[in-house]
Amino acid sequence: MKVAEAVGRALTAAGVGQVFGVVGSGNFHLTNAMVAAGSRYVAARHEGAAATMADAYARMSGTVPALSVHQGPGLTNALTGIAEAAKSRTPLLVLAAEVTEPRSNFYVDQEALAQAVGAVPLRVASAEDAVGQALAAVRRAVHERRTVLLNVPLGVQALDVPDGVLTEAGPPPRRPAVAPAAADVTALARALGQARRPVFVAGRGSRPPGARDALTSLAERYGALLATSAVARGLFHGSPWSLDVSGGFASPLTTELIQGADLIVGWGCALNMWTMRHGNLIGPDATVVQVDDDASALGAHREVRLGVTGDVELTARAVLETGGGQRQGYRTPDIAEAIAARVHLRDVPYEDTSTRERIDPRTLSIALDDILPAERVIGVDSGNFMGYPSAYLSVPDENGFCFTQAFQSIGLGLSTTIGAALAQPDRLPVAALGDGGALMGAADLDTVRRLGLPMVVVVYNDDAYGAEVHHFGPDGHPLTTVEFPPTDIAAVARGYGFEAVTVRTRTDLKPVEDWVAGPRSAPLLIDAKVVKDEGAWWLEEAFRGH
């Protein structure tokens, strides 16, 4: 058996059951070996899209998928998606063929490329150790929550492996949950017992099964209000004490209530500039506590009074076990009434700026929220438009929103939604894109159609890179480099086999209602011509971080 086949079989046996990629000569045999062993392969039209599909699939499935790419340009094409995954600490395995001869036209320093974007580089160095190295890569991805690049040199792929090497293949043990120190549990229980207006802000570390129930029970005991970071949006959906998202996408009421907290506890949440609006959501007298199973994350973005190293669920349950009486905390009748009426941006009055030619993105988003089925999984691209779907389209739970924004690259939204859709196949996938990102990733409209995904692609089309228009335009800078002639994106989608509709007014959405009610035999693209006179409300906050 050749190394390529042995590695492919071993990775499948180790639980890597989903592979995304673009196959060339260098990764042909390795990818086929994984398929033959039982892994599912999804071919993308661009390696960058394949990387983001794998990233999104990992986030929404809780498993470790693989990205398979050709040596040299296959890897460089994928780097933006790999950088997003690495920055987000997504457990992901990148399989890259490699040439080691510097005179080859395919040669690049692939190890250095991985390190440059924050991924962990490993290499299959010999036939004898090929399976061991492959399994080590999976273990590191799982136990360290890292994106791992496994370079597989072409010369090594063609070698014969010794007999019996596959006997060591198998799934790695799960990452052990970190138990908090007893003293930290006591200190956190004391802080909660003293708080009059506590707020919990849950992040990605609160998404694993069991964490939500533990946090809602603890919040009920101490009267805490519940918010999330963007990546954990939907975690507390249905709770009457949920404030939805903390940060740039928050409603005015959510902002007011978090700023009024005397205790903020971040649960598996970085409390970074986005979630805390550069610290503006933290009141001058508020105590900040952070709970994370990675000690290096504590205080990394925000000074904290107490840092607890521990798994979210284990820590919350440990605090519950300390006892203590029921407290009203922040959960007063007045607060309950306000949350019910005004916590969601769609319930906040606004001046509709729609015309006969262009629709207000708030009006569009609210209408789509009413039309589309509640059981949905939403992927969002980056750009001026992104706050509208992120804040106005509701999601049923923490598995309903996939937010690949650690690197803030446009063009990832469609592939994000493809990966999320494959991980959550019982939901309607909704891709929310700007026109710039939609056209940047248009090739993988083919992938949506080829896979038969009943996807809705919503393009907030202002014929520009809107973030730059609204950032530089007010100062009188020329905008010809960031504005474009109108493009009929609906026609582009039809060319890929989509049903498509152009929306300029609310009444133009009737075909969307018909599509939802129908067989959904083809995906649907909505080319929404949105008003472009004003920048989105969150932009000022975003550009402060540049």
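Q: What makes Val245 the bridge partner of a residue, and which residue is that?
A: In this predicted model, the partner of Val245, in S9, is Thr228. Strand S8 (residues 225-228) and S9 run parallel and are joined by 2 bridges.

Q: Why are S8 and S9 called paired strands?
A: Pairing needs at least two bridges between two strands. S8 and S9 have 2 bridges, so they count as a pair.

Q: Which strands form the open sheet that holds S8 and S9, and in what order?
A: The order is S9-S8-S7-S10-S11-S12, with parallel pairing. Strand S9 (242-245) and strand S12 (306-309) are the edge strands, and each pairs on one side only. On average, neighbouring strands here are turned by 15° against each other, direction ignored.

Q: Which strands does helix H8 touch as it packs on the sheet?
A: Helix H8 (residues 182-194) touches strand S7 (198-202), strand S10 (263-267), strand S11 (287-292) and S12. The direction of H8 makes about 135° with that of S12. Helix H9 (residues 211-222) also packs on this sheet, touching S7, S8 and S10. The direction of H9 makes about 170° with that of S7.

Q: What makes strands S2 and S5 edge strands?
A: Another open sheet has 6 strands in the order S2-S1-S3-S4-S6-S5, with parallel pairing. Strand S2 (40-43) and strand S5 (120-123) each have a single partner strand, so one side of each lacks a neighbour in the sheet. Neighbouring strands of this sheet are turned by 25° against each other on average, direction ignored.

Q: How do you know that S1 and S3 are paired?
A: The rule asks for at least two bridges. Strand S1 (residues 18-21) and strand S3 (residues 66-69) run parallel and are joined by 3 bridges, so they count as a pair. Phe20 has Leu67 as its bridge partner in S3.

Q: Are Cys269 and Cys402 buried or exposed?
A: The cut-off for buried is under 20% relative accessible area. Cys269 has 2%, so it counts as buried. Cys402 has 1%, so it too counts as buried.

Q: Why is the contact of Glu5 and Arg9 called a salt bridge?
A: For Glu5 and Arg9 the value is 2.7 Å, so the pair qualifies. Both residues lie in helix H1 (residues 3-13), 4 residues apart, about one turn of the helix. Glu5 is partly exposed at 30% relative accessible area, and Arg9 is partly exposed at 36%.

Q: What makes Asp446 and Arg45 a link between distant parts of the chain?
A: Their side chains meet in a salt bridge at 2.8 Å, N to O. Asp446 is in helix H17 (residues 445-451), Arg45 is in the loop between S2 and helix H3 (47-61), and the two are 401 residues apart. Why is Arg45 called exposed? Its relative accessible area is 52%, and exposed means over 50%.

Q: How do you know that Glu111 and Arg123 form a salt bridge?
A: Their closest N and O atoms are 3.6 Å apart. The limit is 4 Å, so the pair counts. Glu111 belongs to helix H5 (residues 110-116) and Arg123 to strand S5.

Note on methods: Residues are numbered from 1 along each chain as its sequence is written. This is a predicted model: local features need pLDDT of at least 70, side-chain atom pairs count only at pLDDT 80 or more; totals for chains, interfaces and linings use all residues. Side-chain values use heavy atoms; hydrogens and water are left out. Axes are lines fitted to C-alpha atoms, for helices over the stretch in contact, and angles run from 0 to 180 degrees between N-to-C directions. Buried means under 20% relative accessible area, exposed over 50%, partly exposed in between (1.4 Å probe, protein chains only). Contact means heavy atoms within 4.5 Å.
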